[in-house]
Amino acid sequence: AAPLRQLAEAKGIYFGTAVAANRLGESQYVQVLDREFNSVTPENEMKWDATEPSRNSFNFGSADQIVNHAQANGQIIRGHTLVWHSQLPSWVSNGNWTASELTQVMENHISNVAGRYRGKLYAWDVVNEAFNEDGTRRQTVFQRVLGDGYIATAFRAARAADPTAKLYYNDYNIEGINAKSNAVYNMVRQFKQQGVPIDGVGFQGHFILGQVPNDLQQNLQRFADLGVEVALTEVDIRIPLPVTSAKLAQQRADYEKVVRACLAVSKCVGVTVWGVTDKYSWVPDVFPGEGAALLFDDNYNPKPAYDGVVTALGGD
Ligand code: G3I
């Protein structure tokens, strides 16, 4: 069959992956990356700890590497992420800030990082993972010092820094209809009413085998109906080890279901998987005893999951 990027393009969506700058020297990695994917998301290189490790001192070396590689290979770029509680340097999280100081710190970060790539990125995950599972706000330094309004402030700063990037709110466990996705939904509705510049919602899609929600399509559609685009931004489907052929078959069906849900929603612009190969996936590090969550195995061989994506995209 044709590569995923070509099948996706024919269906009017992109097919993306997270990419790590320190793997761009590995020929097999790059070969699969450039053959299969027409969108990339830097896995860590645009996060706050990488880009502004100390106050007002910016570092763009590895992020630039990914941007340059993507531009040379016809890939769009999803910037990830401007405001997040994790991989946030301690000078930010432990600072004894007043609200006006922290607003200035956040706006300065956004204007420098989003400003550096102004006009070059398809989208930015402006704010990442700001809600708890019960729909309340996560108590980050931004939430504690600035209150609920910090998210709107961040979106306005991102728009000013890069007027052409689509501005996304991005989170996990919001793929189905539940308390957390309801809270995000209510925020997006309010932003649209108030004119806060939001263009999209990213549904990360870190799934467990056999647990892709049945209401995924319905949930994507209700967000689309608010007037934003939607995307699956970090998909992986982790398998409780050991891997068996039955589990790989289930994973194939799960991936097919995810891609079909996106295709069924006209404002769903693309699907991104969270890595090229199982070899470098974050999953086994964080969930010992689980793994094999991606489309290519440790040796870059396509798995049944790959065929599930091909089937959904109408390939042979
Ligand atoms: O950079 C250091 C390196 O200097 C050090 O030698 C090494 C030793 O452990 O650690 C390196 O940092 C690691 C970093 O990835 C870069 O490889 C961190 O320990 C590790 O925690 C970090 O993990 C990343 C994780 O976000 C952190 O929260 C994963 O690669 C990345 O895939 C993951 O991605 C997140 C998305 O951004 C948001 N949604 C969830 C998703 C999965 O957790």
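Here are legends for a few close-up views of this predicted model.

View 1. The ligand is surrounded by 14 residues, and Glu43, Lys47, His80, Glu234 and Trp274 are the closest of them. Sort that shell by residue type and you get 3 nonpolar, 7 polar and 4 charged.

View 2. Start with glutamate 43: an N or O atom in its side chain sits 2.4 Å from an oxygen atom of the ligand. Histidine 80 does something along those lines, with a side-chain N or O atom 2.7 Å from a ligand oxygen. Then there's glutamine 87, where the distance from a polar side-chain atom to an oxygen atom of the ligand is 3.3 Å. As for cover, the ligand has 790 Å² of accessible area on its own, and the protein takes care of 46% of that.

**View 3. Histidine 69 in helix α4.** Helix α4 spans residues 61-72, and histidine 69 is part of it. With a relative accessible area of 17%, histidine 69 falls under the 20% cut-off, so this residue counts as buried. Look past the neighbours within four places in sequence and you'll find histidine 69 in contact with Leu24, Val30, Leu33, Asp34 and Gln75.

View 4. Helix α10 covers residues 216-224, and its buried residues are Leu216, Asn219, Leu220, Arg222, Phe223 and Ala224.

Technical notes
Residues numbered from 1 in each chain as written. Predicted model: local features only at pLDDT ≥ 70, side-chain atom pairs only at ≥ 80, totals over all residues. Heavy atoms only, no water. Buried < 20%, exposed > 50% of the residue type's maximum accessible area, 1.4 Å probe, protein only. Helix = DSSP H or I, 4+ residues; strand = E, 2+ residues; numbered from the N terminus. Near = heavy atom within 4 Å. Polar contact = N/O pair within 3.5 Å; in protein donor to acceptor, adjacent residues only side chain to side chain. Areas by Shrake-Rupley, 256 points an atom, 1.4 Å probe, with all protein chains shown as cover. Nonpolar A, V, L, I, M, F, W, Y, C, P; charged D, E, K, R; others polar. Contact = heavy atoms within 4.5 Å.
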